[in-house]
Amino acid sequence: MRKLLARNGWSWQVPARRAMERDDGVVAGWVKEVWPCAEDSRRPVEPGSSSRTKPDSP
């Protein structure tokens with residue numbers, strides 16, 4: 001991937017400047033309010049069977 005990017009004159013590095021439209025206050029509010037809800041919505045990790053057709057036996 002690195003060679004392909006370099007061949008086209010691109011870099012894998014993060015841009016040095018931020019978008020002009022970015023509002024840091026809105027981003028900070030989203031991180032405090034929305035992100036914790038998104039993190040908690042993941043399914044809990046439970047032990048189980050690797051087989052989809054045979055349920056885990058006790």
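A surface patch is built from residues with over 30% relative accessible area and no salt bridge, like charges being joined within 9 Å and nonpolar side chains (Val, Leu, Ile, Met, Phe, Trp, Tyr) within 5 Å. This is a predicted model, in which local features need pLDDT of at least 70 and side-chain atom pairs count only at pLDDT 80 or more, while totals for chains, interfaces and linings use all residues. Residues are numbered from 1 along each chain as its sequence is written, and side-chain values use heavy atoms, with hydrogens and water left out.

**Exercise 1.** Find which residues form the nonpolar patch on the surface, and which helix gives the largest share.

*Solution.* The patch consists of Val27, Trp30, Val31, Val34 and Trp35, which together have about 440 Å² of accessible area (Shrake-Rupley method, 1.4 Å probe, with only the protein chains shown as cover for residues). Helix H2 (residues 24-33) supplies the largest share, three residues (helices are DSSP runs of H or I, at least four residues, numbered from the N terminus). Val31 lies in helix H2, and its relative accessibility of 43% makes Val31 partly exposed (buried is under 20%, exposed over 50%, partly exposed in between, with a 1.4 Å probe and protein chains only).

**Exercise 2.** Classify the one aromatic pair of the structure.

*Solution.* Rings of Phe, Tyr and Trp (its six-membered ring) pair if their centres lie within 6.5 Å, and planes under 30 degrees apart count as stacked, over 60 as edge-to-face and the rest as tilted. The structure holds one aromatic pair; the ring centres of Trp30 and Trp35 are 5.9 Å apart and their planes stand at 35°, so the pair is tilted.

Definitions and conventions: A salt bridge is a side-chain nitrogen of Lys or Arg within 4 Å of a carboxyl oxygen of Asp or Glu. Helices (H or I, at least four residues) and strands (E, at least two) are DSSP runs, numbered from the N terminus.
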